[in-house]
Amino acid sequence: MSEAPMPLWEVFIRNRSGMPHKHCGSVHAPDAAIALQAARDVYTRRGESVSVWVVPSSAITASDPADKDELFEPTGTKIYRHPTFYKVPDDVGHM
Amino acid sequence: MYTQGLNVTDTGKPAAEDPAKLARFQVKVDAEDKIEPNDWMPEAYRRTLVRQISQHAHSEIIGMQPEGNWITRAPSLRRKAGLLAKVQDEAGHGLYLYAAAETLGISREDMVEQLIAGKAKYSSIFNYPTLSWADIGAIGWLVDGAAIMNQIPLCRCSFGPYARAMIRICKEESFHQRQGYEIMVTLSTGTPQQKAMAQDALNRWWWPSLMMFGPSDKESLHTADTMQWKIKRFSNDDLRQKFIDATVPQGHHLGLTFPDPELKRDETTGHWHTGEIDWSEFKRVLAGDGPCNRQRMKAKTEAHEDGAWVREAALAHARKRAERAAAARMAAE
């Protein structure tokens with residue numbers, strides 16, 4: 001007996017510290033309401049969260065690992081994007 | 001451990017891998033970079049992980065049965081709440097692990113079907129019966145203790161989703177072991193009958209717990225590959241020894257004895273040495289002929305089949321609501 005596949009949802013939770021929602025795993029559920037319920041049961045059993053998002057996995061577009069260098073390597077040489085690239089006279093103090 | 005059935009020769013020979021890709025993969029693993037689901041990986045690495053993670057997940061799910069047996073008969077509300085939370089955790093751990101395995105391209109439905117068809121293994125430990133309340137103490141203390149010993153190094157496994165699932169699981173499991181040991185302490189310091197129950201549970205669970213670490217290194221087939229790929233960090237025997245060294249003093253603290261006349265401490269190394277493990281029992285239980293194999297599979301199959309209409313109805317309901325919402329949008333336009 002082969003069952004109809006249950007849709008997959010990605011789960012994001014925000015913890016108390018006010019940080020952004022963070023990916024924590026996935027659940028299977030027929031619809032968004034049940035996905036939310038399952039995410040709460042599976043990923044927040046110990047007060048880990050004050051807010052949960054569920055997103056259909058199929059709705060996520062991800063970068064291809066093969067394009068990693070092309071996408072992210074160029075920033076490696078752009079050190080002028082960091083504050084430490086710029087010199088400020090010592091006697092000016094902290095800036 | 002929860003993945004003892006790995007000790008089989010992989011029959012489908014994977015196609016020869018591109019040596020350049022293979023070399024890049026190994027450099028990444030050696031540099032302790034994580035391998036993520038969409039990264040290139042050797043076919044044998046993928047297969048090993050699917051087998052290991054799914055066996056681990058099945059073990060968590062089947063593992064609910066022996067303990068679930070005592071939820072309604074827990075001796076107090078405090079004990080019942082603790083046990084219920086622990087069994088709920090096992091369900092959660094099974095789900096984290098199925099999700100981690102799914103990132104490798106196998107569906108949860110397929111994994112569950114493999115389990116029910118008897119094609120997938122789960123840990124031998126869950127084929128032993130829980131005959132008394134003291135068994136709940138012994139399981140938490142010994143079985144979860146052994147699991148933690150095995151799972152801590154898996155938090156550093158080279159495959160990202162598995163490592164992340166293990167971090168969550170390890171955080172939650174330390175409560176499991178402590179609740180078990182607390183039960184053992186209570187029984188061991190109780191009436192003579194209670195102490196006898198604790199001793200009886202230790203007698204029955206000690207050897208099966210040692211078997212959880214899998215075959216001895218002399219017989220282990222895949223250790224070299226899985227070590228090189230940093231799926232595994234320590235050998236079965238090394239982890240077993242760590243567990244023995246940690247656990248024997250805890251048992252003595254309870255005032256209990258271990259069912260092993262050869263157990264003794266090597267004064268020079270500080271290690272505890274046990275007698276020989278009965279590997280024929282291990283093989284028998286893993287192959288399906290333990291005290292409760294049939295009962296466990298029957299309960300799992302029934303639960304899965306009895307729940308099928310709920311899953312079908314939930315999907316049908318979701319479909320109906322989506323169609324109605326679409327029709328309402330059309331009408332409004």
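This is a predicted model: local features need pLDDT of at least 70, side-chain atom pairs count only at pLDDT 80 or more; totals for chains, interfaces and linings use all residues.
1. Confidence in chain A. Chain A has a mean pLDDT of 90, and 98% of its residues reach 70 or more. Among the elements of this chain, β3(A) has the highest mean value, 96. The lowest, 87, belongs to helix α2 of chain A, residues 68-72.

2. Sheet layout. Chain A holds an open sheet of three strands in the order β2-β1-β3, with antiparallel pairing. β2 (22-28) and β3 (51-56) of chain A are the edge strands; each has a single partner, so one side of each has no neighbour in the sheet. From one strand to the next, the twist averages 30 degrees.

3. Strand β1(A) and its pairings. Strand β1 of chain A spans residues 8-14 and is joined to β2(A) by six bridges, the two running antiparallel. On this side, V11(A) has G25(A) as its bridge partner in β2(A), and F12(A) stands opposite H23(A). Six bridges also join β1(A) to β3(A), again in antiparallel fashion. There, E10(A) is found opposite V55(A) of β3(A). Five of the seven residues of β1(A) are buried, so the rest of the structure largely encloses this strand. For anyone reading side-chain directions along the sheet, the general rule is that side chains in a regular strand alternate between the two faces.

4. Nonpolar core. The largest nonpolar core contains 94 residues. Those with the most contacts inside this core are Y45(B), I53(B), F159(B), Y162(B), W205(B) and W206(B). What does F159(B) touch, leaving aside residues up to four places away in sequence? The contacts of F159(B) are I35(B), E36(B), P37(B), M41(B), Y45(B), L49(B), I53(B), A100(B), T103(B) and L104(B). Two of these, Y45(B) and I53(B), are also named among the core residues with the most contacts.

5. K242(B). This lysine is found in helix α10 of chain B, which covers residues 236-253. Is K242(B) buried or partly exposed? With a relative accessible area of 41%, K242(B) is partly exposed. Not counting residues up to four places away in sequence, K242(B) touches M149(B) and F234(B). T268(B) is 26 residues from K242(B) along the chain, and their C-alpha atoms are separated by 16 Å.

6. Salt bridges between chains. The count over all chains comes to 23 salt bridges. One of them pairs R45(A) with E172(B), with 2.9 Å between the closest N and O atoms. R45(A) lies in the loop between α1 (32-43) and β3 of chain A, while E172(B) lies in helix α7 (residues 160-188) of chain B, so this pair joins two chains. R45(A) is partly exposed at 23% relative accessibility, whereas E172(B) is buried at 5%. R45(A) and E172(B) also belong to a network of salt bridges that includes R46(A) and D89(B).

7. A pair within one helix. E43(B) forms a salt bridge with R46(B), the closest N and O atoms being 3.8 Å apart. This distance falls within the 4 Å limit used for such a pair. Both residues are in helix α2 (residues 43-62) of chain B; they are three residues apart and therefore separated by about one helical turn. E43(B) counts as partly exposed at 33% relative accessibility, as does R46(B) at 23%.

8. A pair across chain B. The side chains of R204(B) and D135(B) meet in a salt bridge with an N to O distance of 2.7 Å. D135(B) is buried, with a relative accessible area of 0%. R204(B) is partly exposed at 24%.

Technical notes
Residues are numbered from 1 along each chain as its sequence is written. Chains are lettered from A and ligands numbered from 1 in the order in which they are written. Side-chain values use heavy atoms; hydrogens and water are left out. Two strands pair if DSSP finds at least two bridges between them. Helices (H or I, at least four residues) and strands (E, at least two) are DSSP runs, numbered from the N terminus. Axes are lines fitted to C-alpha atoms, for helices over the stretch in contact, and angles run from 0 to 180 degrees between N-to-C directions. A nonpolar core is a set of buried Ala, Val, Leu, Ile, Met, Phe, Trp, Tyr and Cys residues joined through side-chain atoms within 4.5 Å. Buried means under 20% relative accessible area, exposed over 50%, partly exposed in between (1.4 Å probe, protein chains only). Contact means heavy atoms within 4.5 Å. pLDDT is the predictor's confidence in each residue, from 0 to 100.
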